[in-house]
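Please open the model in a viewer and keep the selection panel at hand.

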Amino acid sequence: MRLPQTRNLLTRNIRNWRATFALAGFGFLLPVLAVANDAYDFFICANVNRNYVIGSKIVTTNGLFQRDEAAGEWRHFGYNDTTISAMAFDPRDRNVIYTTTLNGIWRSLDGGESWRMTNSWDMTEGRDVEVDPHAPDTVYFALPDGVAVSTDRGQTWERRENGLPDRGKYTQTIAVDRTQEGRVLAGCEKGIFLSEDAGHNWSQVLPTETTVNDVQQSPHDPRRWLAATDTDGIWASGDGGETWMQEEGLPAEEAFYNVTFDPTDPQRLAVASWAYGVWTSEDAGKTWAARNAGLPDNARAWRVGVDPNSGRLYASIFEETLYYSDDFGRAWEPDALEGSLVNAFYFVSRDAPLLKP
Amino acid sequence: MKNHFVNSRAWIAGLLAVTVLTADGLAQRSFESPVPERGPVPLDVRRTQYLDRVEEISQWRMGLFTPDKLDKMDMSAMSLMLMRGINIEACNDRVLEYMKEPGTGPFWMFPTTMVAYAGRDKLSAEARAAIREAWRTTRQLRGDTENHWVMYHTALYLMAQMYPNDPASSWANGLSSAENMIEGKGWLLDWMNLTTTIGQGEYNPTHYIGEYAIPMLMLATWAEDPAMRQRGKMMMDWLFAELATVTLDGMPRGPNSRTDDTSVVERWDALATYFSWQLFGNTPVGEGFRGWGWGNYFAVLAANYDVPEVIYEIATNRTKDILQHDQARSRRIWRYGDEHMRPIYKTQYLREDYAVGSHQGGISDPIQSHVWDVTWAVDDPRGVHNTMFSLHPHAAGKVMQMFFCTYPEPMPGGVTYEGKPSYNSSNKLLGCSPFEQVVQDHDTVVALYDIDPKEDFPQVNGFFSKDLAEVTEHASGWIFARGGKTYLAYRSLAAYQWEPHIRYPNGRDPTVTEETGGKILVSPHVKNGTILQAAGVEEFASFEDFQSAILALPLSFDLDTVPTVKLTTLRGSHIEFAYGSTPKINGAPVDYGDWKLFEGSHLNSEIGSRVLTITHGKLGRVLDFNTLSVTDMVLP
């Protein structure tokens, strides 16, 4: 199901990538580097099959898409699957791609040409995946019943859950701290858990009543993190995830689905919520404002993401279409992918060397 | 597409003759026939009649695809023809057509696997290669419920077995044939182990029994490993023994792990009824043999299954009441629950004219469960709403999140367009609630409610069928009625009002509804309770005598703080039940910790044993999954 242009696009990018640093969710470089000339490649994981249920025929193209800014469109690559929830690259080799799906976790070693389901039947319904940039053979796999870790590039997996609660380890999101090998935060049913030994041991750093839906590290300041929860609002950490404070100025009764930093501006943050729509801050979280004018009524915002090249804010509206805003939410325009859900936005730097902290 | 059936006589000749013809020359189908005799037929004709039913549905299905409808021929018809070695060229063409756009998921996988096996020595090399290529190029979704996984893993196992040495590059999931067999077998063995130790997850389903039985029949027929074949046969016995025990004249009834808005009131209208018809011949079969279901696929291989005599007798020979106390398990709970899988404690009491069943209440399935009912026998169940029950209409995103990887908001509305149209309606009659607790003693059911006032629908709904007779609202608060040959006494412990009962003619459009003539009792009180007592008409001289007997029974209740009931039943049992506490029957707490996997009239099994003993009269069969042995015995 790959579009004909995809191969060329990927090949071109891969050529430019001798040593790159891929981070699921956010680019690595400071804003001074995140300027024009498309320093980053921008990806989404999208389900474009409105009302798909098991048993239906998949009649649309779903899965991984890369932004082709020159053509002004999203180009599909990889396989066609309505259930891709997350993706990650091996920072040493852009051809190595990991995706989480209903079936589990699928890995490609050839830029998306071929794939292998590397989980077994007892590790399914993958939620998130991250590669440790300092130990790129190590891959973290968030599962609805815990966490699995691979140390051989996803070939085999083992459960690493010591310290996670027996009931309460539903893991929606997992994020590797780019400043320290083996330092990982997991967003679970009962809070945020931190491991500093590659998942062997976990400790709770933020208790929550309900699921932590997203945990993200700032591309500007690695000590700063944001988290979105089902019923506990938005939380921020300024010490690398050790301690957390609830963000004020945002409602908190209903679920937030994700958070995002603007890689081009450290002051700009955005969050997505089915109930509240899109909210943004332009002063690093001191104040927040609803930014739903121009979005469909009852916005049902599924995800927000920021184009790292332009600062364009995107909002995926539940089974509507992808919207974008060039003024950080004050006005919205419909983009492509009608009937879609974007489950994740990713960008990766084309040129950054593999940096150690 | 080439037309291989220019001569329609040749087409007809390609099909085997059916035995009974109507005046217009067409076979009178069972779904157009009077209700069959329900009792057991003589031993020497059972097998013949079973095979006649197989042949009838097979002929019907194949006959739908006349020369002018070849483009509609589905995989069940293809499988039937391939098994018979007829119309091979048409099957070749259709396979090639189908494989141009392969499906994705278990509902494509198992029919394709069936065609592949049925046609492995008959389909052309090109057609077989097209199937093989589809498995190389098309990713298959495993689905998100247990019946999906049975179909998915069975198909994966059998297809990998068909191409045993193929490399990883030849399968869409990037696993070699050997790895796919390990994957499929691993899941199947785990499911069988769970089912035979702590119970079936999708117990007593009104529809999904086919999704289990057909894969097991495929395993029993085509698995090369004799152990897997044996497991397939034994799991069918396991499933059908339960079906035989819990059905009333072939009809499924509560409790059900999963049912739907139609089947929960018209109990006969279910795919499970097809299986009763096929296996036992004790019920009418649905229109078109439930062509939308999977009965056709079972028929493809049904000749390879022999209905054990003991199971047949349980289904058809009901000379004694049945009382079973059994265990099952909930769907897997990902989060927002203390248990990985919640034990479900089922009570089943079946008599000749009615049956009462329940489980203990609480959450067991996110959408489609049915906790308790009384269902009565009717001469012809088609179109009859022969049941009574009540429930708290709970709908919540958080419940969806317990069982699915989802967020709180999308699913409650979304599922109403996916075959669950009533899900977030106040008047719904389907589902379970965390605020409902139930106890049953024979034909008495007490349900108590302490509903969170913040619930969307803080009320109790009771179903009162259009087919009830002599509905009488007594000044005492009891509502008396008669369903068939069953007297019913229903008590709402709090005030109520009536609403019309509606149905959803299109399960995928919740906005279109029709009134049925039945009513829903709505009791809008969060501290609440209901009592149901049933009895046979023959037990009382008159309806008035039944009412007098009920009114004379001691009953007290309190809804002010903790909903509490104390009553004496028609059978003389004393029930004490307070919400949140262990109910007592005749002074003894109902100790679920002591419940076996099956314990009762016909089915008996210890938790963790992997052994099921099935008995009826002097007949006995033991299914032992430890030794993969089946032992038939004659009891003293």
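This is a predicted model: local features need pLDDT of at least 70, side-chain atom pairs count only at pLDDT 80 or more; totals for chains, interfaces and linings use all residues.

Residues are numbered from 1 along each chain as its sequence is written, chains are lettered from A and ligands numbered from 1 in written order, and side-chain values use heavy atoms, without hydrogens and water.

**Chain A**

Select chain A, which holds 1 helix and 29 strands (DSSP runs numbered from the N terminus: H or I of at least four residues for helices, E of at least two for strands). Of its 357 residues, 67% are buried (under 20% relative accessible area, 1.4 Å probe, protein chains only).

**Helices α2(B) and α11(B)**

Next, select residues 43-63 and 271-280 of chain B, helices α2 and α11, whose axes lie 7 Å apart at an angle of about 130 degrees (axes are lines fitted to C-alpha atoms over the stretch in contact, and angles run from 0 to 180 degrees between N-to-C directions).

**Thr486(B)**

Finally, select Thr486(B), in strand β11 (residues 486-492) of chain B. Thr486(B) is buried, at a relative accessible area of 0%. Beyond its neighbours within four places in sequence, its contacts (heavy atoms within 4.5 Å) include Trp376(B), Ala481(B) and Val537(B). A polar atom of the Thr486(B) side chain lies 3.4 Å from the backbone oxygen of Asp353(B).

Terms used:
Buried means under 20% relative accessible area, exposed over 50%, partly exposed in between (1.4 Å probe, protein chains only). A polar contact is a pair of N or O atoms within 3.5 Å; within protein, one must be able to donate a hydrogen and the other to accept it, and residues adjacent in sequence count only if both atoms are side-chain atoms.
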